[in-house]
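Morning, everyone. I have one structure to walk through today.

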Amino acid sequence: MTTPRTPTRRGVLALAAAGAAVAILPLPASAQLSAGAQAAVDRVRGSRTPQEGRITLRAPPIAENGNTVPITVSVESPMTAADHVQRIHVFADKNPTPDVAVFHLTPATGRAQVDTRIRLGQTQDLIVLAEMNDGSLFITRAEVKVTIGGCGG
Amino acid sequence: MRRAALVGIGAAALVAAVALAQGGPPEPQRQIPNPMSGRHFATPETLAIQDDDFLNPAFLWVEEGEEAWNRVEGTSGQSCASCHQDARETMRGVRARMPAYHPRLQRVVTLEQQVNICRTERMGAPALPIDSRPLNAITTFIALQSRGMPVNVDISGPARPFFDAGERFYNTRRGQLDMRCGSCHEDNYGRYLRADLLSQGMSNGFPTYRLKEQRVISLQFRLQGCVNDVRGEAPPMGGEEFTNLEFYLAWRAQGLPVESPSVRR
Amino acid sequence: MAAPIGQPRVRLPAQVRAGEIIEIRTLISHVMETGQRRDQAGNVIPRDIIRRFEAKFEGELVFAMDLAPAISANPYIAFQFKAERPGRFEFTWTNDAGESRTATQDLRLA
């Protein structure tokens, strides 16, 4: 059989399947951020040094349209009165303003997991910070590629 | 192989001959005999939004459309439900067979136009602008009642000249780029146009929630975009040219399940 | 003038057992105008977003979200909840103008 000029249905499907939402491999949190994102992170951080780990960010590695990028953030925590996640901050490194969302959690939620849909103006890193009730701070950072940019925020 | 092809041609010739003998125009032949819905060209994330009636934002439009269905409007003091009762029964299959020839008006009408015909002629209410939120809400609600049913428009008899006009529009090169619809959707589907993966340009998913627009759009809004893409002058939404084109597109998609409300990038 | 905050949609699982952690999904119709776009005449379209979402259970705040313009139009928000006892949820979406829209939903346990 000769190679078809246009991809077969299977080919198209395989191509599409490559985009499945995955837990994105975190990048080193130390890499340089845009000035805006750095300032936003510093405001949350104060004098604390964030640790890596505990946070899982699920997002499409390649978003079809930056206007609607589904994300799921989960944080390992027992979510008890004594030990729980208080806030989850999401920042977009290269949006006109880096703020995306702050989620306020309580032990009543039982599990630290949130979902929403966000706008990304271009391919860029997402930065997630999780603040625990004991004041400790966790960070993760991952890249989302955007094929068509959203109007950003 | 060669024999099969010859038999194929023979069959087509036979169909044509029969059609001629009956005095009708020959059966049109589809460029893409086994069409593929636009969903095959979408990413899993987009499909996950489409396939979950809660995640799919078009259901906000569906709910608005259902409210409008039961709302009394216009001088005759009626709602859609006054005449058509329960849309789940009476509107089942309607999206699948529209656009359709309207015997009294003696022309092909789209679902959008039919809603406005009922509003202006039966309810004494003003027509809703094409692609406006209230009209898209009601057509999305109506289209949902046909979800999963195969597209099945009737192009025979008096409908045929409208179909032929739509086909001509489809095959006409236009714009500064001098392209036909098929230049993208037949010759190049499955390939990238800049960042866009080209589909076969099937209409079975409309109305659709478009991520770019962040709203439900009607088919003719998408068609304006396609004509603008080749730097052409797009005819007005709701006009005769796009109505005929929409009719032709439905026939191209014949057999595909109605997918409205789909989600597209 | 602020854009209308549309009808909210809220979904809880149909069958919930005591002690189960459930997902609560919400969607609301809203343009989420970023304040960075221009109209055809070139004028900036003023920012108009849902800026706060709150979920109360039996009057107590259990979850909240501060939204920025980077949240997509027709905001979708989902969070988790540990179902210990039956009761009433109250969900509130508030826009930049301080106007809000509330939906209630009862949690019943199987």
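Let's begin in chain B, with one pair of side chains. B:R133 and B:E64 meet in a salt bridge, 2.7 Å from N to O. Look at where the two ends sit. How accessible are the two partners? B:R133 is partly exposed, at 32% relative accessibility. B:E64 is partly exposed too, at 27%.

A word of caution before I go on. This is a predicted model. Please keep that in mind for every distance I quote.

Staying in chain B, there is also a network. B:R180, B:E186, B:D187 and B:R252 are linked by salt bridges. Over all chains, the count comes to 30 salt bridges.

One more stop in chain B: B:S218. Where is it? B:S218 sits in the loop between β6 (215–217) and α11 (219–229) of chain B. Buried or exposed? With a relative accessible area of 1%, B:S218 falls under the 20% cut-off, so it counts as buried. Which residues does B:S218 touch, leaving aside those up to four places away in sequence? They are B:E112, B:D131, B:N136 and B:F206.

Now over to chain A. I want to focus on one strand, β9, residues 124–132. Nine of its nine residues are buried, so β9(A) is largely enclosed by the rest of the structure.

What does β9(A) pair with? On one hand, strand β6 of chain A, residues 85–92. That pairing is antiparallel and runs over seven bridges. To find it on screen, take A:I88, whose bridge partner in β9(A) is A:A130.

On the other hand, β9(A) pairs with strand β10 of chain A, residues 137–146. Those two strands also run antiparallel, joined by eight bridges. Here, look for A:D125, whose bridge partner in β10(A) is A:E143. β9(A) and β10(A) form a hairpin, with four residues between them. In the turn, A:G135 has a positive phi of about 90°.

As a reminder on strands, side chains in a regular strand alternate between the two faces of the sheet.

Take A:E131. It forms a salt bridge with A:R48, and the closest N and O atoms are 2.8 Å apart. This pair links distant parts of the chain: A:E131 is in strand β9, while A:R48 is in the loop between α2 (35–45) and β2 (51–52) of chain A, 83 residues away. A:E131 is buried, with a relative accessible area of 8%. A:R48 counts as partly exposed, at 24% relative accessibility.

Next, A:D125 again. Its salt-bridge partner is A:R141, with the closest N and O atoms 2.8 Å apart. A:D125 lies in strand β9 of chain A and A:R141 in strand β10, so the pair ties together parts that are 16 residues apart in sequence. Both A:D125 and A:R141 are buried.

Last, chain C. How many helices and strands does it have? Zero helices and seven strands. The C-alpha trace of chain C spans about 55 × 20 × 20 Å along its principal axes. Chain C has 110 residues, and 49% of them are buried. Take the contacts in chain C between residues at least 6 apart in sequence: 56% of those join residues at least 24 apart.

Chain C touches chain B, so let's look at that interface. The contact involves 13 residues of chain C and 14 residues of chain B. The area buried between them is about 1100 Å², and carbon and sulfur atoms give 56% of that.

What about salt bridges here? There are two between chain C and chain B. C:R9 forms a salt bridge with B:E63, with the closest N and O atoms 2.8 Å apart. Six residue pairs are in polar contact between chain C and chain B.

Which elements of chain C give two or more residues to this side? They are β1 (8–11) and β2 (20–28). The largest share, four residues, comes from β2(C). By type, the residues on the side of chain C that touches chain B divide into five nonpolar, five polar and three charged.

That's my tour. Over to you for questions.

Notes. Residues are numbered from 1 along each chain as its sequence is written. Chains are lettered from A and ligands numbered from 1 in the order in which they are written. This is a predicted model: local features need pLDDT of at least 70, side-chain atom pairs count only at pLDDT 80 or more; totals for chains, interfaces and linings use all residues. Side-chain values use heavy atoms; hydrogens and water are left out. Contact means heavy atoms within 4.5 Å. Buried area is the accessible area (1.4 Å probe) that two parts lose on being put together, summed over both. A salt bridge is a side-chain nitrogen of Lys or Arg within 4 Å of a carboxyl oxygen of Asp or Glu. A polar contact is a pair of N or O atoms within 3.5 Å; within protein, one must be able to donate a hydrogen and the other to accept it, and residues adjacent in sequence count only if both atoms are side-chain atoms. Ala, Val, Leu, Ile, Met, Phe, Trp, Tyr, Cys and Pro count as nonpolar, Asp, Glu, Lys and Arg as charged, and the others, Gly among them, as polar. Buried means under 20% relative accessible area, exposed over 50%, partly exposed in between (1.4 Å probe, protein chains only). Two strands pair if DSSP finds at least two bridges between them.
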